[in-house]
Structures are given as structure tokens and as C-alpha cells.
Amino acid sequence: MNTPQRPKNVLQQFRKPEYTGENRCLPCTVINTGIALALSIAVALVWIPAGIVVFAGCALVITFWGYLVPGTPTLVQYLPDRVHEAIGPEHDLDTGEEVSFDVEETLTSAGIVRECRDVDDLCLTTSYREAFQEDIERLRDESVQRERLAASLSVPPEDIQFDGSGTRLDVFVEDVRAGGWRSKAAFVADLASEHLLSEQLGDRWERLPAAERTQLLVALRSFVETCPVCRGTVTPDEDVVRSCCRDDIVSVTTACEDCGAVVFKGTET
């Protein structure tokens with residue numbers, strides 16, 4: 001479960017994560033830095049201190065936005081291949097640490113997912129799907145949700161408060177935010193999956209770090225076919241976007257047709 005969050009640094013609130021950090025596009029950064037230099041030099045010819053201030057401001061914008069000139073992330077994808085190759089179009093996602101956790105292997109070996117019979121994809125096993133639906137029915141009672149979550153967090157049920165005033169659902173323990181979900185449907189799905197994973201994986205589930213448990217829960221949400229809240233059909237919607245580094249990014253969102261609750265949202269390249 002998520003831990004209470006500290007307020008963000010004021011400058012961090014202006015950061016655009018889709019174009020910075022691991023998602024930073026090197027061609028965008030190089031081109032915009034060149035524009036910043038040219039602009040700063042032009043100003044410095046009139047007054048050097050002003051030129052320095054202009055470059056510092058431009059550098060700050062590029063740092064937190066990933067670009068200086070609006071539209072650059074879209075326009076850069078049309079650069080010739082030789083330019084992308086010279087600058088370096090690939091994102092370096094190597095953290096230097098070996099990633100040994102395999103979500104698909106974990107779920108397959110536990111008998112939770114298998115190869116689909118009719119399509120080249122993964123599907124829930126019949127036994128897991130039935131167990132999941134049975135647990136969802138039990139969790140329609142909010143008192144059961146509260147007791148299940150209290151057991152997971154090792155706190156008294158009466159200390160837990162739900163805030164579902166908007167489309168999200170936030171959980172508080174003694175007025176301290178303990179976690180948040182995109183919707184109540186996503187929250188209920190995770191509660192059911194957490195219970196079943198602890199049974200299917202046994203001691204291995206207890207040994208998994210919180211981050212790996214979260215990966216499994218989120219992955220299982222992508223398989224939900226019936227809304228855990230309104231019982232309607234959950235349908236996927238894919239949106240393909242090209243990044244400035246010209247990799248296709250597929251954004252997948254699954255939501256309940258009847259109530260619009262988002263169950264899963266993720267991307268893949």
C-alpha cells in the first residue's frame with residue numbers, strides 16, 4: 001500500500017513527466033538548447049547580463065518541460081533518420097541493476113494466467129476467474145472492504161476512512177492518506193486480487209517487496225472483464241501516440257461501460 005506523501009517541491013509541480021526523466025527526448029533537448037543559445041547570444045550582443053539571464057531561464061524551462069518551443073516534441077519526429085541517429089534517438093532506461101522480477105512468469109507459474117486458446121495473448125485461468133468473481137461479490141459490502149483492508153494494513157477497521165467524493169477513491173488511516181486508486185472499481189479489484197494472490201503464492205507473496213506486489217495487482221486489473229462495482233462490461237480502449245523519439249506508445253485504458261469507472265490504465269512501447 002502507498003505511504004503518506006510529502007508535498008511536492010514548488011518547481012517539481014511544473015515538471016512534465018511525459019517529456020522529462022526517463023521520457024526525455026534527446027533530439028528535443030539538443031534542438032531547444034541550440035535555440036536557447038542563439039537567443040541568448042542575440043540578447044548578449046545588446047547587454048551581456050541580460051543574455052545570461054535569458055539562457056538561465058531557457059535552461060530551466062528545458063529542464064522541467066523537456067522543450068522550449070511549443071510543438072517541438074511533435075515536429076522532431078519528422079527529422080531525417082540520419083539526424084536521429086547522430087543525436088541518439090533512444091532513451092537509456094538502464095538503471096545499472098538487474099531486473100529479476102517477471103510478472104508474467106510469476107502469474108503463469110502460480111496458475112493465474114495462461115496462453116489464450118483463440119488469440120495470441122494471456123488469459124485468466126478458469127479457476128482463478130471464478131474465485132475472483134466470488135470474492136468480488138463478497139467485497140460489494142463496504143464493511144467487508146474495510147475489514148479486508150484493515151487486515152492488510154494491520155490497523156483496526158474503525159481507523160480506516162474512505163473518500164470517494166470524486167472519480168478516485170482515497171483511503172485514510174486516522175486522517176493520514178494511506179493510498180489512492182483511480183476508482184472504487186480498481187480498489188475493489190486490488191482487494192480481491194491481493195487476497196487470492198496471498199493464497200496462490202503462499203509464503204512467496206509475503207516475501208515480495210511492496211513494489212513487486214503492486215506490479216502484480218496492477219497487471220491483474222488489466223484482465224478484469226466485469227466491473228467490480230456496477231457489474232457492467234469492462235472494455236479496453238487503445239490510443240497510439242508517437243513520441244518525439246519516434247517510438248510508438250500505446251496507451252491502454254479499460255473502463256466500465258455502465259459507470260465509466262477506470263479499472264486499468266497503462267502504456268507500452
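**Packing, rings and cysteines**

Analyst: Leaving out residues up to four places away in sequence, Leu 216 touches Phe 101, Val 103, Thr 106, Leu 107, Leu 197, Leu 201, Trp 205 and Leu 208. Please keep in mind that this is a predicted model.

User: Which residues of the largest nonpolar core touch the most other members?

Analyst: The largest nonpolar core has 42 residues, and those touching the most other members are Leu 107, Ile 112, Phe 132, Phe 187, Leu 197, Leu 216 and Leu 220. At least two residues of this core come from each of strand S2 (122–124), helix H6 (126–138), helix H7 (142–153), S4, S5, H8 and H10.

User: And which element gives the most to this core?

Analyst: That is H8, which contributes 10 residues. As background, nonpolar side chains tend to be buried together in soluble globular proteins.

User: What about Asp 190, is it buried or exposed?

Analyst: Asp 190, which is found in helix H8 (residues 184–201), counts as buried because its relative accessibility is 7%, and the cut-off for buried is under 20%. Setting aside neighbours within four places in sequence, Asp 190 is in contact with Trp 181, Leu 217 and Arg 221.

User: Switching to rings, how many aromatic pairs are there?

Analyst: The count comes to three aromatic pairs. One of them is formed by Phe 162 and Phe 187, an edge-to-face arrangement with 5.5 Å centre to centre and 65 degrees between the planes. Phe 162 lies in strand S3 (residues 160–163) and Phe 187 in helix H8, so this pair ties together parts that are 25 residues apart in sequence.

User: How accessible are Phe 162 and Phe 187?

Analyst: Phe 162 is partly exposed, with a relative accessible area of 21%, whereas Phe 187 counts as buried at 1% relative accessibility. Trp 181 and Phe 187 also form an edge-to-face pair, with 4.9 Å centre to centre and 70 degrees between the planes. Trp 181 is itself buried, with a relative accessible area of 8%, and ring pairs link Phe 162, Trp 181 and Phe 187 into a cluster.

User: You mentioned S3, so what is the order of the strands in that sheet?

Analyst: The order is S3-S4-S5, in an open sheet of three strands with antiparallel pairing. S3 and strand S5 (176–181) are the edge strands, each of which pairs on one side only. Neighbouring strands of this sheet are turned by 25 degrees against each other on average, with direction ignored.

User: How many bridges hold S3 and S4 in their pairing?

Analyst: S3 pairs with strand S4 (residues 169–173) over four bridges, in the antiparallel sense. To give one example, Gln 161 has Phe 172 in S4 as its bridge partner.

User: On to the cysteines, how many disulfides turn up?

Analyst: A search of the whole structure finds two disulfides. One joins Cys 116 to Cys 123, with an S to S distance of 1.9 Å, and this link is right-handed, with 105 degrees about the S-S bond. Cys 116 is buried, its relative accessible area being 10%, while Cys 123 is partly exposed at 23%.

User: And where do the cysteines of the other one sit?

Analyst: The other disulfide joins Cys 227 to Cys 256, with an S to S distance of 2.4 Å, a value to be read against the cut-off of within 2.5 Å. This pair links distant parts of the chain, 29 residues apart, with Cys 227 in the loop between helix H10 (210–221) and strand S6 (234–242) and Cys 256 in strand S7 (residues 248–256). Both Cys 227 and Cys 256 are buried.

User: Why is the disulfide of Cys 227 and Cys 256 called right-handed?

Analyst: It is called right-handed because the torsion about the S-S bond of Cys 227 and Cys 256 is about 75 degrees.

User: Last one, what is the relative accessibility of Cys 58 and Cys 230?

Analyst: Cys 58 has 8% relative accessibility and therefore counts as buried, whereas Cys 230, at 26% relative accessibility, counts as partly exposed.

How values were computed: Residues numbered from 1 in each chain as written. Predicted model: local features only at pLDDT ≥ 70, side-chain atom pairs only at ≥ 80, totals over all residues. Heavy atoms only, no water. Buried < 20%, exposed > 50% of the residue type's maximum accessible area, 1.4 Å probe, protein only. Contact = heavy atoms within 4.5 Å. Phe/Tyr/Trp six-rings, centres within 6.5 Å; stacked < 30°, edge-to-face > 60°. Pairing = 2+ DSSP bridges. Axes fitted to C-alpha atoms, helices over the stretch in contact; angles between N-to-C directions. Core = buried A, V, L, I, M, F, W, Y, C linked by side-chain atoms within 4.5 Å.
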